[in-house]
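Reader: Could you show me the model, so that I can ask about it piece by piece?
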Amino acid sequence: MTNNNSSSGIQQREEIEMLLPWYVTGKLGGADAAKVSAYLAEHEDMALQMELIREERGETLDAHARLASPSPQALDRLMASVAEAEKRTLRWQSLWQPVAEFFTAPAPGTVRWVSAAAAVVMVLQAVLIITLSVHGGSGEQTAANPPQTGIRTASGRDVHEGGVAVLAVFNDNATAAEITRFLNENNAVITGGPETGGFYKLKAGAKGADAKEVMRRMSENRGVVKLVLPGKL
Amino acid sequence: MSQVKAITDVFSDERLMERIATSDQTALRALFERHHHRVFKFILRLTRNESAAEDLVNEVFMEVWRNAGNFGGRSSVPTWILSIAHHRTVSSLRKRREESWDEETAGTLADDRDDPEVSVQKQNKSEVMRRCMEQLSAEHREVIDLVYYHEMSITEVAGVVGIPENTVKTRVFHARKKLSALLQAAGVDRGWP
């Protein structure tokens, strides 16, 4: 029991000794300060410790007072470092800004650039569609599955069983749409050509239709055809 | 400069930090004017090299400039700045290997300029004390300085050094014991421990 008391007494003393430096500087919290005060009141021998701590503190303050002072140029040096850092930041921002602006706020030049790219894509698409239309595309088109385009040819399923054979020269300015409409209006299909002189072979009109009447009707559309002549079946 | 003086007089450390976070260079000047002496001395006591201390002070305040927005106010501004100084200095010392940052090996440096007895005869007690304090390890000198010169609480010292509060108490206790041992070796018996 005595040993336990003695052991706890040493432990308590050490605990107080550990707090004393802050007690001397006045930086100890309320509860700890009260604990130290109570202990000091009962243990007068601790006055020596207090004296040693004051001595250490005095020497520490004295040692600091003897230290050199920082250079008077220290502030200028810091501000120069700050200016250099800011310059670096601005340089980086100037490099990054055009990229950021491209994605956040497109400039007129950027819009032109994007529009031009889109136009190229559209032209390529158009070329591809026309190529597929005219040449049959992927090769999977058959008589049972003809290309779904406007211009009617003899390879399509609506090949005439009868009709009038004619030779026609299309106007150079006629568009594909106009030619398609022309063929539909005259119930005609292209069976061959173009041949020398730009002649296309057509079969037009219903079975047993009057050849002259068919040719007359076709010849009336001068915007699409330049010439319509009798052909051979 | 008068603007810096005015702002130094008017604004608290916390307000200055808010302004620095918005890239206010005048506020940085004011904070520097207010604290750079303490920071310089804190670092110089550890490095013992004025030029290195100047460089480190510059690095510390550049870090303040860059990271003012991250100051959360969990500690006081001086504690925050000294914690930056502590980490920068420890890192620098480790790189330079000019001084061990190991408590086990530190504090064992013998001062062979004079025999202890001769030393006591030649110098007064105060000078011996100062020399013995210089022989403490950097870790011990640091906590002694933070308590006695910077007058920091246990919590604040823990914040600067980055160790638990109980470790702060035991480290200061061991530093004081080591000082007594060094004084004893130099012929000065303090009667403790």
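Reader: How much of the contacts in chain B with a separation of 6 or more comes from residues 24 or more positions apart?
Author: Such residues account for 61% of those contacts in chain B, where contact means heavy atoms within 4.5 Å. This is a predicted model, in which local features need pLDDT of at least 70 and side-chain atom pairs count only at pLDDT 80 or more, while totals for chains, interfaces and linings use all residues. Residues are numbered from 1 along each chain as its sequence is written, chains are lettered from A and ligands numbered from 1 in the order in which they are written, and side-chain values use heavy atoms, with hydrogens and water left out.

Reader: What does the secondary structure of chain B come to?
Author: Chain B has ten helices and zero strands, these being DSSP runs numbered from the N terminus, with helices (H or I) of at least four residues and strands (E) of at least two.

Reader: And how many residues of helix H5 in chain B are buried?
Author: In H5(B), 14 of the 20 residues are buried, that is, under 20% relative accessible area, whereas exposed means over 50% and partly exposed lies in between, with a 1.4 Å probe and protein chains only. H5(B) covers residues 77–96. Across chain B, 52% of the 193 residues count as buried.

Reader: Switching to chain A, where is Val99(A), and why is it called partly exposed?
Author: Val99(A) sits in helix H4 (residues 74–104) of chain A, and it is called partly exposed because its relative accessible area is 36%.

Conventions:
Expected span 1.5 Å × (residues − 1).
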